[in-house]
Amino acid sequence: MNTVRYIIRFLLALIFVYAGIEKLFLPYNPSVFKSDVEMTDPKFFEFYDFLMGTGYLYFVGFFQLLNGLLLVFRRTYLLEAIMMIPLMLCLLMTHVFISRYMGFIVFDSVMFLMNGFLVLSHFSELKTIFLKPQTKLI
């Protein structure tokens with residue numbers, strides 16, 4: 001079980017560190033990006049160009065890099081896995097509703113499931129933190 005967790009942590013860390021570095025430091029070339037994924041809905045490229053033009057992707061890239069680095073350390077990887085749930089869900093839903101490219105959807109789904117495995121493998125610990133018994137409703 002620990003070996004599987006290490007492998008998942010390593011793979012997710014590599015993917016997110018690379019994605020963060022790509023967004024923060026590598027120049028964005030729309031023509032190369034569009035030629036890589038020909039079957040994607042053109043609205044996705046308009047959306048992506050908008051996000052790049054506003055600088056929002058630098059924000060996303062920073063958090064992808066941060067989350068990838070947090071996965072490396074034993075002390076922080078569970079916190080990162082929890083923080084990553086909304087980020088990965090947003091990435092997945094962007095491809096489901098906007099790009100509609102099956103390759104992206106499958107890739108993001110696999111990453112979301114791997115991250116879910118990291119979180120759920122600590123369910124008993126998280127249950128005592130997030131699902132504490134309460135005597136009052138509010």
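**Figure 1. The elements of the protein run α-α-α-α-α-α-α from the N terminus on.** The protein has seven helices and zero strands. Helices (H or I, at least four residues) and strands (E, at least two) are DSSP runs, numbered from the N terminus. This is a predicted model: local features need pLDDT of at least 70, side-chain atom pairs count only at pLDDT 80 or more, and totals for chains, interfaces and linings use all residues. Residues are numbered from 1 along each chain as its sequence is written, and side-chain values use heavy atoms, with hydrogens and water left out.

**Figure 2. Threonine 76 sits in the loop between helix 4 (56–70) and helix 5 (77–99).** Threonine 76 is buried, at a relative accessible area of 19%. Buried means under 20% relative accessible area (1.4 Å probe, protein chains only). A polar atom of the threonine 76 side chain lies 2.7 Å from the backbone oxygen of leucine 70.

**Figure 3. The C-alpha atoms of the protein fill a box of roughly 55 × 35 × 25 Å, taken along the principal axes.** Of the 138 residues in the protein, 34% are buried. Take contacts (heavy atoms within 4.5 Å) between residues at least 6 apart in sequence: 73% join residues at least 24 apart.

**Figure 4. The accessible surface of the protein comes to about 9300 Å².** Carbon and sulfur atoms account for 72% of that surface. Areas come from the Shrake-Rupley method with a 1.4 Å probe. The protein carries 11 positive and 9 negative side chains. Lys and Arg count as positive, Asp and Glu as negative; His and the chain ends are not counted. The centres of the two sets lie 18 Å apart, with each charge placed at NZ of Lys, CZ of Arg, CG of Asp or CD of Glu.

How values were computed:
Buried means under 20% relative accessible area, exposed over 50%, partly exposed in between (1.4 Å probe, protein chains only). A polar contact is a pair of N or O atoms within 3.5 Å; within protein, one must be able to donate a hydrogen and the other to accept it, and residues adjacent in sequence count only if both atoms are side-chain atoms.
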